[in-house]
Amino acid sequence: MWLPLLVLLALIFLYRWHRGRQTLQNLSDKYVLITGCDSGFGNLLAKQLDRRGLHVLAACLTERGAEDLKKETSSRLQTVILDVTDSQSVSSAAEWVNRIVGVKGLWGLVNNAGISIPSTPNEWLTKNDFLRMLNVNLLGVIDVTLNLLPLIRRARGRVVNVASIAGRVTLCGGGYCMSKYGVESFSDSLRREMAAFGVKVSIVEPGFFKTLVTDAELLKESTSKIWARVPDEIRKSYGQQYYEKYCQTVDFTQLLCNTKLSLVTDCMEHALTAVYPWTRYSAGWNAKLLFLPLSYLPTALVDFLFGIDHPKPAQSA
């Protein structure tokens with residue numbers, strides 16, 4: 001009974017493996033725009049695709065980031081300054097891309113730009129804190145995509161949205177996780193809508209990687225500033241011990257961080273260059289072995305697991 005099932009599973013695996021290895025030809029005539037190229041995944045992907053011979057349009061937030069990237073890449077790579085939270089900046093960048101790609105259209109868009117600060121317990125934050133995160137991580141993704149979608153449809157190209165394993169399991173308070181859940185939802189609806197136009201939409205869900213998004217010093221500095229401004233009543237309710245224990249969890253996450261960023265950029269590259277790109281890519285051992293399995297567990301069980309060593313507020317001590 002089990003043998004036919006194992007054979008069937010093996011055949012499915014081989015078929016999927018074979019499809020995944022098929023790559024597109026003539027990549028040298030294709031244009032790809034990547035956001036957030038100043039550092040991290042975007043910076044590495046820009047260099048990686050440049051080496052593959054694609055025409056990379058690298059969107060950076062700062063002039064310095066753009067200049068540094070140009071020094072390490074070929075003359076094919078072009079840069080543009082883009083603030084994804086500024087609709088005028090997005091519109092100008094879209095016009096710039098249109099002038100470059102012309103009738104060929106834009107083969108690929110990688111929505112990579114993102115932030116993780118501020119991320120603290122929800123009650124410590126204000127509406128503007130949530131808005132800042134959502135403007136970059138979700139609304140910026142939507143704005144950039146909608147502005148460039150006509151060019152992508154023209155090329156029957158690809159959209160690659162960088163979500164996170166935090167878009168499947170809520171790991172912290174603040175706007176980060178909800179923004180990534182939103183990216184997942186937007187991507188799923190867009191993929192179904194664009195199927196009729198030959199456009200493929202993929203989601204990349206990295207686990208913990210060593211980038212500015214997970215930088216312990218930046219996260220703790222942000223948490224310290226927010227804790228200092230929290231109203232006295234809230235600060236007394238939580239207590240100093242809660243705050244210190246929360247900061248310790250930031251240090252703990254560093255143990256999960258992977259330094260091999262290419263695990264993520266390889267997923268992005270596959271989504272752009274494979275004949276049959278996958279719908280979702282989970283990158284990193286902690287994504288595949290820990291957080292992805294957690295996302296399939298009942299909510300009550302996940303709550304229990306996350307509450308084992310949760311810091312206790314002062315009023316319940």
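## The second largest cavity

The lining of the second largest cavity divides into five nonpolar, four polar and no charged residues, where Ala, Val, Leu, Ile, Met, Phe, Trp, Tyr, Cys and Pro count as nonpolar, Asp, Glu, Lys and Arg as charged, and the others, Gly among them, as polar. The residues that line this second largest cavity are Thr35, Val84, Asn111, Asn112, Ala113, Val136, Gly140, Val141 and Val144, and helix 5 contributes the largest share, four residues. The space in the second largest cavity is about 30 Å³.

This is a predicted model, in which local features need pLDDT of at least 70 and side-chain atom pairs count only at pLDDT 80 or more, while totals for chains, interfaces and linings use all residues. Residues are numbered from 1 along each chain as its sequence is written, and side-chain values use heavy atoms, with hydrogens and water left out.

## The largest cavity

Searching the whole structure gives two cavities of 30 Å³ or more. A cavity is a set of points, on a 1 Å grid over the protein atoms alone, where a 1.4 Å probe fits but cannot get out, and its lining residues have an atom within 4 Å of a point; the volume is the space filled by probe spheres set on the points, which are joined across faces, edges and corners.

The largest cavity holds about 40 Å³ of space and is lined by Leu33, Leu82, Val90, Ala93, Ala94, Val97, Val144, Asn147 and Leu148. Helix 4 (87-101) and helix 5 (127-155) each supply at least two residues of this lining, with helix 4 giving the most, four residues. By class, the lining of the largest cavity has eight nonpolar residues, one polar and no charged. Helices (H or I, at least four residues) and strands (E, at least two) are DSSP runs, numbered from the N terminus.

## Helix 4 against helix 5

The axes of helix 4 and helix 5 come within 8 Å and cross at roughly 15 degrees, the axes being lines fitted to C-alpha atoms over the stretch in contact, with angles running from 0 to 180 degrees between N-to-C directions. That angle makes helix 4 roughly parallel to helix 5, since angles under 35 degrees count as roughly parallel, over 145 as roughly antiparallel, 65 to 115 as roughly perpendicular and the rest as oblique.

Contact means heavy atoms within 4.5 Å. On the helix 4 side, Ser87, Val90, Ser91, Ala94, Val97, Asn98 and Val101 meet Asp143, Val144, Asn147, Leu148, Leu151 and Arg154 of helix 5. The residues of this contact comprise seven nonpolar, four polar and two charged.

## Helix 2 against helix 10

The axes of helix 2 (residues 40-51) and helix 10 (residues 262-273) come within 9 Å, with a crossing angle of roughly 55 degrees, and the two helices are therefore oblique to each other. Phe41, Leu44, Leu45, Gln48 and Leu49 of helix 2 make the contact with Ser262, Val264, Thr265, Asp266, Met268, Glu269 and Leu272 of helix 10. Seven nonpolar, three polar and two charged residues make up this contact of helix 2 with helix 10.

## Backbone details

A cis peptide bond, with omega of about 10 degrees, joins Ile117 and Pro118. Pro118 is placed in the loop between strand 4 (108-111) and helix 5.

Asn26 has a phi near 55 degrees, a positive value in a residue other than glycine, and its place is in the loop between helix 1 (2-21) and strand 1 (31-35).

Key: On a 1 Å grid over the protein atoms alone, a cavity is a set of points where a 1.4 Å probe fits but cannot get out, and a pocket is an open set with protein on both sides within 12 Å along at least five of seven lines; lining residues have an atom within 4 Å of a point.
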